[in-house]
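Hi everyone, thanks for coming. Let me put the structure up on the screen, and then we'll walk through it together.

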Amino acid sequence: MRLRLFVNGTPRTIDGVDERATLVDVLRDALDLTGAKVGCNRGECGACTVLLDGRRVNGCMVLGASADGHEVVTVEGLGTPDDMHPMQRAFVDCDALQCGFCTPGQVISAVACLKEGHAGSPGEVREWMSGNLCRCSAYAQIVDAVLSAAQQDES
Amino acid sequence: MKPFAYARPQSLEEALAAIGAPGSAALAGGTELLNWMRLGIEAPDRVVDLQLLDDLRAITVQGDGTLRIGALARLSEVAADGAVARMAPVLRSAILQAASPQLRNLATIGGNLLQRTRCPYFRAEDPVPCNRRDPGSGCAAVDGEYDNVALFGWTERCVATHPADPPVALAVLDAVVVTTGTDGGRRIPVRDFYVLPADRVDIDTVLAPGELITAIEVSSPAPRSAYVKVRERSSYEFALVSAAAAVETDGPALLRVRLALGSVAMGPWRLGDAEEALVGLEPASPAVGHAIDDAVALAMPRPGNDWKVRLARNTLLRAVRDAAAIPDVGGIE
């Protein structure tokens, strides 16, 4: 089937998509946007987190077909190595990653967490970032990064 | 995953016709259906995506004061709604303790009612005996390496539990599931919505094929209500046991109490005897604990899961106290 997506601000038309493909499959395989990762492929790890119409979702739990006509933002749409998004900068500054596999999902989720107004305290960040697992267990630094970005956002 | 056709009907009528056809599956949030298809629990020929049915997404307070939640409202939208917070804090709390922010942005309140058990044998990637997956094949969980099984309403055919949090809250709210179908619609109290193993194990709910949940209605709000969920980690985990309580008081004494346990049966488990026994007691009195002791004494623990009985007792007690701790401001508006 044919999909029309708005990805990172750009309209994209993708032909020949299998109905079974998930949104993260389409992003990675058809559009070569490999930031979002397929970790568990069943909605448990959050490595595939993207923004769908501005809201964070698990890219593995949405059919590509269901995303037809909708707006998607992936980590590639946030910033570049030379011009990082403040949340990306905060993750670097706070050393909030080790292997990096979960990081694109963490960063997207963190951007949404902050925008939703759930970055007021360490406990609140832990609760509202619980949908993103980090098997290297960089959690303490991830919480620091989200809080740090929230402070910059206020100033 | 078996190949399927994808349809996105424009109207409720089109949607009902589509999901009424054999081999069709309705797709709302997708957070369960996609995993069922991956595991082979469901293998539809056609997936009917309901995303265009905007009329089923509204959350409103109707003229008679009934809270009506459209079936396609996302869990995150229900939790963020002011009327829900005011009239049904137990539901808001249950939702915010369910799943993750990402999943709550996808999952719908109607779909959540249809969540299926987390029993690992039911969800096994390779076939094992499970009467729900393969009728007549037996139950691997009955003597299995899994102790988070039912306390109430189980049989040797199935010892699984229903894992969702919102239905437990909806049970104490005496919520009604509103449905429609090509043959007309029904109004089904949440407490009559689930099918226990003693009756059947081939279905989880009384929802008929082709019947669609359109809304959930709460006509008996509970501004003083609470949800307590106990789990192995403090976020993003299914319950070991959960409890919902809604109270009304007359002076210091309980006047009306509604109680339900979650993750102890194949649906929310209301405790009618305890509800009656609590009337006239003060929430902090030891007699409340004794009445709840009597209620959980009816549990039928399996070998190895008697720990859930004590947990259920203490979780219920905390839910009653949390609900009673909410100030009685009188009225709900």
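Before the helices, a word on terms: axes are lines fitted to C-alpha atoms, for helices over the stretch in contact, and angles run from 0 to 180 degrees between N-to-C directions. Helices (H or I, at least four residues) and strands (E, at least two) are DSSP runs, numbered from the N terminus. This is a predicted model, where local features need pLDDT of at least 70, side-chain atom pairs count only at pLDDT 80 or more, and totals for chains, interfaces and linings use all residues. Residues are numbered from 1 along each chain as its sequence is written, with chains lettered from A and ligands numbered from 1 in the order in which they are written.

Now, chain A has 5 helices and 5 strands, in the order β-β-α-β-β-β-α-α-α-α from the N terminus. Its C-alpha trace spans about 45 × 30 × 25 Å along the principal axes of chain A.

How do α2(A) and α5(A) pack? Helix α2 (residues 86-93) of chain A meets helix α5 (residues 139-154) of chain A at an angle of about 135°, and their axes are 8 Å apart. That makes α2(A) and α5(A) oblique to each other (angles under 35 degrees count as roughly parallel, over 145 as roughly antiparallel, 65 to 115 as roughly perpendicular and the rest as oblique).

Which residues touch? With contact meaning C-beta atoms, placed from the backbone, within 7 Å, the α2(A) side includes Met87(A), Ala90(A) and Phe91(A), and the α5(A) side includes Ala145(A) and Ala149(A).

Finally, the contact between the chains takes 21 residues from chain A and 20 residues from chain B.

Terms used:
Contact = placed C-beta atoms within 7 Å.
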